[in-house]
Amino acid sequence: MAGEKRIKVIMAKPGLDGHDRGAKLLARVFAEAGMEVVYTGLRQTPEMIVDAALQEDADVVGLSSLSGVHNYFFPRVVELLKERGLDDVLVVGGGIIPEEDITGLKEAGVAAIFGPGTKTKDIVGFIEKNVR
Amino acid sequence: MSNLITELLQGSVRAMARLITLVESEDGRALELLGAIYPHTGKAYVLGITGSPGTGKSTLTDKITSLLRSEEQTVGIIAVDPSSPFTGGALLGDRIRMQRASGDPDVFIRSMATRGNLGGLARATTDVIKIMDAFGKDWVIVETVGVGQDEVDIAKTADTTVVVLAPGLGDIIQSMKAGVMEIADLYAVNKADRSGADTLASEVSLRLQQDSQIKKISWQPPVVKTVAVDDMGTDSLLDAIKRHRNFLEKSGKLVSGRREKTRQEMLSLLKEEISRRVLEKIPGDGGFEALIDDILSHKKDPYSCVQEIVRNLFSISD
């Protein structure tokens, strides 16, 4: 197991969502897929998420939002990552995201949005294929 | 590479994070890089926090960090959690309890997975301490995985080791056993607002009293009661940590302890290098598989074969 680079993921919940079953499940899914997953917990600001990505030298930032704040928080995370020189970090999102918001989020630099019902193996596959 | 080192020494957090990844993934350039930063190390004080899962190590680390920060000390934190022996993946959850520390630009937190290493730490822990030290952190706090009884590597790594206990995890016999209970420079009895905390504290004190009757001790480990989530007792804990540091410095034990650590590190680096060099010779040696066959069919024995291989490689006669 030693002597190799493993995919490191920051799993974060920006905003004020009260529950994180989905985020916790995905953290488990990524760990089961052999990744090292840092779960940062609820109620994170974009600054906290980006600090964690910087310190942990993350390859992937996974954002989960249920409360409709994705149009502000997801692009803000991408923007702050760029400001810190972390532009090769893959940002993906999920949760309750209306169809019509997806194009805008992708234009803002979120690589993919995974809504309810997405197969977990598709998410893992996307990350493995697109990570730096 | 040398750019990263220059940036690290100039205070780049990004460079520190990248260098840690290189060392952690045992990149081919890691040894060279560690050699280059070594002259800049030796200044940080290394504090180890260990104890069973769920005793409150991460929360205590967060509180101690914020006390150190109020004294304008800079802090690096290494938080170790286990890798799955089945998938190699890991869920690193210590950051959740370090919300106060994680928003502070003068605190650097790195989560590390054990990657199959036993003993309570990740394999690269001592190297990551050096990187944080060279960056200029005044304190490096190492939080081990939740340990059982036998994971004591932290004591070989830290200057001061705090063993965190919590009530409800066993009776007095547990506190008399060998292993983790032997490595504490201080005990924190956390969750001290719960029933059983006073009993636990007095059982630990009894062990310490027994120690003083059984062997010669120069430092009596204090037992400090804390409720980390409510910030109770954490200032007394930090005072006790500083008293221990002062004791080590005044008695010369800080230097002698670090000398012993350096000695152990030299030995383990030597072992690694020798085994690497020996093992890299083996695939080229076509006779190896034939030798395995001979051993399997009991024509030869493995013990004298190993002696012969090593003798030939090093051209030594004994």
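In this predicted model, Leu60(B), Lys63(B), Ile64(B) and Leu67(B) of helix 4 of chain B meet up with Thr234(B), Asp235(B), Leu237(B) and Leu238(B) of helix 9 of chain B. Sorted by class, the residues of this contact come out as five nonpolar, one polar and two charged. Helix 4 covers residues 57–70 of chain B, and its axis comes within 10 Å of the axis of helix 9 of chain B, with a crossing angle of roughly 75°. Angles of 65 to 115 degrees count as roughly perpendicular, so helix 4 of chain B is roughly perpendicular to helix 9 of chain B.

Helix 9 (residues 234–251) and helix 10 (residues 253–281) of chain B have axes that come within 5 Å and cross at roughly 85°. These two helices of chain B, helix 9 and helix 10, are therefore roughly perpendicular as well. On the helix 9 side of chain B, the touching residues are Leu248(B), Glu249(B) and Ser251(B), while helix 10 of chain B brings in Lys253(B), Leu254(B) and Gly257(B).

Stepping back, what does chain B contain in the way of helices and strands? The count for chain B is twelve helices and eight strands. Its C-alpha trace spans about 65 × 50 × 40 Å along the principal axes. Of the 318 residues in chain B, 40% are buried. Take the contacts in chain B between residues at least 6 apart in sequence: 72% of them join residues at least 24 apart.

Then there is the meeting of the two chains. How many residues of chain A are in contact with chain B? Chain A puts in 27 residues, and they are in contact with 29 residues of chain B. On the side of chain A that touches chain B, at least two residues each come from helix 1 (21–32), strand 2 (36–39) and helix 2 (46–56) of chain A. Helix 2 of chain A gives the most to this side, with six residues. By class, the side of chain A that touches chain B holds 13 nonpolar, six polar and eight charged residues.

Strand 2 of chain A does some pairing across the two chains, too. Its partner is strand 3 of chain B (residues 90–92), and the two strands run in the parallel sense over three bridges. Within this pairing, Val38(A) stands opposite Leu92(B) of strand 3 of chain B.

Notes:
Residues are numbered from 1 along each chain as its sequence is written. Chains are lettered from A and ligands numbered from 1 in the order in which they are written. This is a predicted model: local features need pLDDT of at least 70, side-chain atom pairs count only at pLDDT 80 or more; totals for chains, interfaces and linings use all residues. Axes are lines fitted to C-alpha atoms, for helices over the stretch in contact, and angles run from 0 to 180 degrees between N-to-C directions. Helices (H or I, at least four residues) and strands (E, at least two) are DSSP runs, numbered from the N terminus. Angles under 35 degrees count as roughly parallel, over 145 as roughly antiparallel, 65 to 115 as roughly perpendicular and the rest as oblique. Two residues are in contact if their C-beta atoms, placed from the backbone, lie within 7 Å. Ala, Val, Leu, Ile, Met, Phe, Trp, Tyr, Cys and Pro count as nonpolar, Asp, Glu, Lys and Arg as charged, and the others, Gly among them, as polar. Two strands pair if DSSP finds at least two bridges between them. A residue is buried if 20 or more other C-beta atoms lie within 10 Å of its own, exposed if 12 or fewer, and partly exposed in between; C-beta atoms are placed from the backbone.
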